[in-house]
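Subject: Structure handover

Hello,

Here is the structure for your files. My notes on what was found in it come after.

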Amino acid sequence: MIFNVVIDTPLYQTFDYLPPVDVLCDNIQLGSRLLVPFGIGNHKKVAFLVSITDHSDFAINKLKRVDKIIDAQSLLSAHDLTLLRWVSRYYHHPLGEVISIAFPSGLRKGKAAVINTKTHDVDTELKNIALSSNTAQQTAIDTVCANLGKFGVFLLEGVTGSGKTEVYLQIIHTVLQRGQQVLVLVPEISLTPQLEARFKHRFAVNIAVSHSKLTDNQRQAAWLQAQQGTCAILLGTRSALFTPFVNLGLIVLDEEHDASFKQQEGLRFSARDTAIVRGKLLNIPVLLGSATPSLESLHNVTKQRYQLLHLPERAGSSVEPVLQLLDIRNKKMREGLSEALLVEIRKTLAKNEQVLLFLNRRGFAPTLICHGCGWVARCQHCEANLVIHVDEALLRCHHCSTEYRLSEHCPDCKTGELTPLGLGTERVEKVLTKVFPDKTILRLDRDSTRRKGVLEDYLDQINQGKVDIILGTQMLAKGHHFPNVTLVAILNVDSGLFSIDFHAAEKLAQMIVQVSGRAGRAEKTGTVIMQTRQPEHSLLTTLIKHGYKSFANSALAERQAAQLPPFSYQALLSAQARDEQLAQSFLQAVTDLAAPYLNNTVHLLGPVPAPMAKRASFYRYQLLMQSPQRADLQALLDKLIPELAKLKFKVRWSLDVDPVDLQ
Ligand code: ADP
Ligand code: ZN
Ligand code: ZN
């Protein structure tokens with residue numbers, strides 16, 4: 001018996017070991033964790049058994065022996081392993097690293113599979129306090145419920161407040177009654193404590209939660225509860241997708257358009273796409289939900305790969321907000337706030353209603369410039385301007401986090417006065433405090449909510465009506481319920497209109513609609529004002545006059561004309577090195593390697609400097625590979641990626657299959 005194992009290393013290979021002495025291995029299962037001696041020092045490493053054979057390419061007497069079998073029974077099922085193998089193949093990432101990522105960190109290091117945290121009592125009784133659904137909700141519920149036990153992808157499209165969560169809850173209820181478990185994936189739970197509360201209020205079953213703000217022990221407990229079948233629902237973020245289940249009956253993925261479902265470092269997997277593969281393997285439905293579905297998903301509806309379920313209006317009695325553009329060309333501005341907007345803010349506050357201002361940039365101002373000589377504060381390690389943080393009295397690079405002193409005079413000409421250029425949330429907060437001295441203003445961004453518990457506290461204050469004006473970044477765009485907010489203003493919508501990344505328009509449109517969704521969720525009608533110097537821009541006018549769906553259709557038509565995804569498939573190979581030349585010549589070498597494998601559908605674009613050409617002292621280059629045929633692109637990667645390890649370059653490289661961010 002030869003054990004083929006994989007180990008958490010960046011190597012694309014399996015390793016052969018002999019079974020341990022004096023242990024009967026007849027019943028050993030694939031996926032089991034083993035302890036093996038590894039490398040020159042024979043250090044003990046955790047390995048995962050992926051196959052058993054009866055021969056090895058190496059001499060049997062040269063093979064090392066497994067030290068110990070950690071799990072008598074594999075924690076992963078055969079389906080789990082199949083899924084992880086698919087992930088490894090599709091994203092061209094070493095299987096050992098992929099399997100490791102599936103485990104919580106303690107288990108990854110070989111700890112025993114026991115639950116160290118107190119868990120709730122299991123109570124299988126259902127509370128069932130469902131609302132009586134409207135017709136559209138009922139159709140959605142019935143359609144998915146008729147498909148339980150079968151694979152199918154459903155896209156539940158409905159504006160914020162249309163009752164999507166209510167639909168999830170009722171479908172989940174049926175799945176639980178069948179004795180099956182449910183996996184619910186959300187972009188970021190710590191931003192939406194309300195959702196967790198709503199689930200726990202609704203079902204008396206054991207609900208496990210898993211996200212990055214929890215301790216390792218807590219995450220391990222959640223993982224094991226799903227794996228052992230003692231929790232009925234697992235509510236988690238992206239990485240919870242790989243959790244094993246005893247009897248999974250449904251995967252729900254809320255806010256499916258959200259970019260956080262795509263991991264941006266290491267294993268760059270899409271939790272949405274991988275969830276669909278998992279659903280297919282297990283023969284269960286996958287339910288995607290969004291007010292602003294991604295262009296990929298809408299395209300898949302057109303191709304009849306997904307079934308669309310539509311909730312056309314807000315549930316209950318609340319009405320959709322009115323969107324309007326506010327032309328600020330030639331208008332007097334006060335730190336980013338036009339007079340007309342200030343008037344609207346005053347009117348809203350006079351009615352004792354709340355105002356929400358959105359600005360997607362934290363800090364005081366994004367640039368510091370010398371009024372005397374034009375010198376600009378730049379990061380020494382990045383191709384980037386430093387952001388001014390007045391509260392902390394420093395300059396900070398938002399790419400490498402290096403901090404610099406905030407001096408009064410220009411370091412270059414020594415005399416010039418330094419002037420902040422552009423707007424950040426801190427700056428707007430300061431002017432708001434001046435203009436509305438007797439109002440409570442709350443700034444909500446990554447800086448102001450860094451300490452644990454602050455965000456929850458702020459959300460409470462808002463909901464208890466203690467806050468008049470809420471000012472924040474995209475943290476506000478996600479899932480919050482602010483029933484007393486009736487005026488939402490997007491201060492600088494133009495900054496999103498001119499990006500070099502073709503994904504930018506889609507992201508901007510989604511952001512606008514999501515932020516709008518915060519307005520007027522109770523009985524009060526909401527207004528959304530967008531300050532712009534581009535009032536005729538087609539993205540804005542289409543969105544306002546005809547809604548998100550119309551925007552999406554025209555964006556898809558543009559993508560098709562340009563043969564961009566989802567009408568083609570991309571993979572982005574990035575290289576970075578301290579030596580600029582090296583990063584470029586590595587990718588040039590890759591291009592040469594690829595040449596014999598190119599058929600006429602795959603195109604290589606580059607190597608070119610990355611949009612951000614230097615970050616944290618590393619020069620960055622990229623090579624974009626594109627094909628209208630997914631299989632052709634994959635065939636090229638299959639051949640190319642194993643060859644890259646053989647190139648002797650001192651560069652860091654990474655591959656992003658289906659990239660959503662070309663930075
Ligand atoms: P979404 O997830 O689409 O934002 P929710 O499910 O959170 O929408 O519903 C929005 C609000 O409407 C919630 O307060 C919810 O309790 C209420 N709601 C949902 N469905 C109904 C219904 N059928 N009848 C009455 N109220 C409903
Ligand atoms: Zn100067
Ligand atoms: Zn930097």
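Along the chain, the donors of the zinc ion (ligand 2) are spaced as C-x2-C-x36-C-x2-C. These donors are Cys370 (SG), Cys373 (SG), Cys410 (SG) and Cys413 (SG), at 2.2 to 2.3 Å. A donor here is an N, O or S atom within 2.8 Å of the metal (3.2 Å for Na, K and Ca), and sites may look incomplete because water is not among the atoms. The angles at this zinc ion (ligand 2) run from 107 to 112 degrees over the 4 donor atoms, so the arrangement is tetrahedral. Four donors are called tetrahedral if all angles lie between 85 and 135 degrees. For reference, the ideal angle for four tetrahedral donors is 109.5 degrees.

On conventions: this is a predicted model, in which local features need pLDDT of at least 70 and side-chain atom pairs count only at pLDDT 80 or more, while totals for chains, interfaces and linings use all residues. Residues are numbered from 1 along each chain as its sequence is written, chains are lettered from A and ligands numbered from 1 in the order in which they are written, and side-chain values use heavy atoms, with hydrogens and water left out.

Burial is given as relative accessible area: buried is under 20%, exposed over 50%, and partly exposed in between (1.4 Å probe, protein chains only). On that scale Cys410 is buried at 2%, whereas Cys413 is partly exposed at 27%.

The zinc ion (ligand 3) has Cys379 (SG), Cys382 (SG), Cys397 (SG) and Cys400 (SG) as its protein donors, lying 2.3 to 2.4 Å from it. Their spacing along the chain is C-x2-C-x14-C-x2-C. Here too the arrangement is tetrahedral, because the 4 donor atoms subtend angles of 106 to 114 degrees. Cys379 sits in the loop between strand E17 (367-370) and strand E18 (387-389), and Cys400 in the loop between strand E19 (394-396) and strand E20 (403-405), so the pair ties together parts that are 21 residues apart in sequence. Helices (H or I, at least four residues) and strands (E, at least two) are DSSP runs, numbered from the N terminus. Cys379 is buried at 6% relative accessibility, and Cys400 is partly exposed at 22%.

Helix H5 (residues 164-177) has 14 residues and should span 20 Å at 1.5 Å a residue; its end C-alpha atoms are 20 Å apart, which agrees. The expected span is 1.5 Å times one less than the number of residues. Of the 14 residues of H5, 12 are buried, so the helix is largely enclosed by the rest of the structure. Just after H5, Gly179 takes a positive phi of about 80 degrees.

Helix H8 (residues 271-282) has 12 residues and reaches 16 Å from its first C-alpha to its last, close to the 16 Å expected at 1.5 Å a residue. Its buried residues include Ala271, Arg272, Ile276 and Arg278. Asn283 follows H8 and has a positive phi, near 60 degrees.

Salt bridges are counted where a side-chain nitrogen of Lys or Arg is within 4 Å of a carboxyl oxygen of Asp or Glu. The count by this rule is 26. One of them joins Lys430 to Asp391, with the closest N and O atoms 2.8 Å apart. This pair links distant parts of the chain, 39 residues apart: Lys430 is in helix H11 (residues 425-435) and Asp391 in the loop between E18 and E19. Lys430 is partly exposed at 31% relative accessibility, as is Asp391 at 49%.

In another salt bridge, Asp658 meets Arg630 (3.9 Å, N to O). Asp658 lies in the segment after strand E29 (652-657) and Arg630 in helix H17 (residues 630-644), so the pair ties together parts that are 28 residues apart in sequence. Asp658 is buried at 18%, and Arg630 is partly exposed at 38%.

Lys646 pairs with Glu643, the closest N and O atoms being 3.5 Å apart. Lys646 is exposed at 56%, whereas Glu643 is partly exposed at 24%. Through salt bridges that share partners, Asp391, Glu429, Lys430, Arg443 and Asp445 are joined into one network.

Regards

Notes: Tetrahedral: all angles 85-135°; square planar, octahedral: opposite > 155°, others 65-115°.
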